[in-house]
Amino acid sequence: MAQESPKNSAAEIPVTTNGQLEDSHEHSFNRDLKCSLPVGLGLSETKITSHGFDGAKEGVVEAGQFPNKGSSASPKSSVISPSSAAASRLAGQGCDLIIPTGGRAQQKSGPVVLADEVKNPAMEKLELVRKWSLNTYKCTRQIISEKLGRGSRTVDLELEAQIDILRDNKKKYENILRLAQTLSTQLFQMVHTQRQLGDAFADLSLKSLELHEEFGYNADTQKLLAKNGETLLGAINFFIASVNTLVNKTIEDTLLTVKQYESARIEYDAYRTDLEELNLGPRDANTLPKIEQSQQLFQVHKEKYDKMRNDVSIKLKFLEENKVKVLHNQLVLFHNAIAAYFAGNQKQLEQTLKQFHIKLKTPGADAPSWLEEQ
């Protein structure tokens with residue numbers, strides 16, 4: 001009798017003639033089989049093959065759909081022998097091989113998230129930065145092309161002439177404003193000196209009896225000049241305030257709109273140049289979408305440019321009307337006040353201030369009382 005080679009214990013599982021396990025080993029076999037199965041495989045998808053160490057004999061456990069006890073149907077059986085080098089090596093070491101036969105692993109179900117429905121703030125900011133960078137690049141290229149004389153620009157001759165006149169007038173008005181402020185400062189110093197001189201004459205008039213009348217006349221004259229100087233100073237300061245409002249607020253607001261108009265013009269020319277370059281190129285399946293997108297962007301910036309041009313035209317018109325009205329009144333005030341002051345016509349000087357509703361501040365009226373200081 002030939003000597004049998006030793007076998008792995010996994011090969012000594014008793015099997016009945018129809019492939020069913022004996023009752024005494026049913027519980028232990030099911031437990032070992034479930035532990036060795038991959039996740040997602042049923043019993044009907046598994047074959048277990050065990051080889052002895054000598055490879056002469058092999059035991060096969062065929063796992064199919066196990067029928068209930070008492071059923072006459074036999075399970076579907078098949079024998080699979082490992083053919084790969086790794087499978088043979090494992091079998092030679094007496095290991096159990098678990099091989100799925102056509103089984104599909106079950107996928108875990110979970111919530112489905114649609115990318116279009118979720119908006120990422122970081123991606124939105126990145127897209128805004130990308131658009132801003134592209135627009136800045138196009139505008140910078142357009143400006144450089146215009147300065148080098150290579151690019152074309154859209155020019156409204158009538159509107160550009162009005163803007164140039166406005167800027168030139170602003171410089172001239174600023175010069176008048178600066179000179180008027182200098183005159184106001186010098187007149188204030190003169191009025192202050194005249195007031196001090198009048199006080200000195202009045203003091204000497206009281207202390208010098210032999211020159212009482214002479215000092216008294218000079219004291220009255222200096223005080224009258226100081227009073228008229230304060231009246232003239234009020235008129236000049238009112239003139240300065242009105243011109244300052246016109247130059248630094250009204251005209252500056254119009255020039256701010258002009259700057260926005262010029263920016264819109266540069267963007268319009270930049271996208272117009274891009275559209276012209278694409279139209280000069282070939283038209284195929286790759287360039288047609290780009291041309292259509294460029295046409296849409298060009299139309300958007302054209303509407304913006306037309307709107308800003310209309311806004312500038314309206315503001316220039318209203319500014320011209322307001323400027324004429326303001327400067328007419330202020331120039332009349334300045335002339336009448338200066339003429340009355342140097343003519344010594346105090347009554348006419350005061351009447352001029354009343355005509356323009358100018359109220360003079362009483363010296364020391366704004367100073368707090370000694371109770372408020374405490």
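Glutamate 267 is buried in this predicted model, with a relative accessible area of 13%. That value counts as buried because the cut-off is under 20% relative accessible area. The residue belongs to helix H5, which runs over residues 212-280.

**Surroundings of glutamate 267**

- Leaving aside residues up to four places away in sequence, glutamate 267 touches Asn135, Cys139, His301 and Lys304.
- Helix H6 covers residues 287-343, and the annotated region 291-322 is described next.

**Annotated coiled-coil regions**

- An unreviewed UniProt entry carries the annotation "coiled-coil region" for residues 156-183 and 291-322.
- In the model, residues 156-183 are 96% helix and 0% strand.
- Residues 291-322 are 100% helix and 0% strand. Here the end C-alpha atoms are 46 Å apart.

**Helices H4 and H6**

- Helix H4 spans residues 157-207 and packs with H6 at an angle of about 30°. The axes of H4 and H6 are 12 Å apart.
- H4 is therefore roughly parallel to H6, since angles under 35 degrees count as roughly parallel.
- The crossing of H4 and H6 is left-handed.
- On the H4 side, the contact is made by Leu159, Gln162, Ile163, Leu166, Asn169, Tyr173, Leu183, Leu187 and Met190.
- On the H6 side, the contact is made by Arg309, Val312, Ser313, Leu316, Leu319, Lys323, Leu327, Phe334 and Tyr341.
- Sorted by class, the residues of the contact of H4 with H6 are 13 nonpolar, three polar and two charged.

**Helices H6 and H7**

- Helix H7 consists of residues 346-355. The axes of H6 and H7 come within 8 Å and cross at roughly 160°.
- H6 and H7 are therefore roughly antiparallel to each other, because angles over 145 degrees count as roughly antiparallel.
- H6 and H7 also cross in a left-handed way.
- Leu333, Asn336, Ala337, Ala340 and Tyr341 of H6 meet Gln348, Leu349 and Thr352 of H7.
- The contact of H6 with H7 has five nonpolar residues, three polar residues and no charged ones.
- Tyr341 of H6 is among the residues in the contact with H7, and Tyr341 is also listed in the contact with H4.

Notes. Residues are numbered from 1 along each chain as its sequence is written. This is a predicted model: local features need pLDDT of at least 70, side-chain atom pairs count only at pLDDT 80 or more; totals for chains, interfaces and linings use all residues. Side-chain values use heavy atoms; hydrogens and water are left out. UniProt positions are given in the numbering used here, feature names are shortened, and annotations may be inferred rather than shown by experiment. Helices (H or I, at least four residues) and strands (E, at least two) are DSSP runs, numbered from the N terminus. Buried means under 20% relative accessible area, exposed over 50%, partly exposed in between (1.4 Å probe, protein chains only). Contact means heavy atoms within 4.5 Å. Axes are lines fitted to C-alpha atoms, for helices over the stretch in contact, and angles run from 0 to 180 degrees between N-to-C directions. Angles under 35 degrees count as roughly parallel, over 145 as roughly antiparallel, 65 to 115 as roughly perpendicular and the rest as oblique. A crossing is left-handed if the near helix is turned anticlockwise from the far one by less than a right angle, and right-handed if clockwise. Ala, Val, Leu, Ile, Met, Phe, Trp, Tyr, Cys and Pro count as nonpolar, Asp, Glu, Lys and Arg as charged, and the others, Gly among them, as polar.
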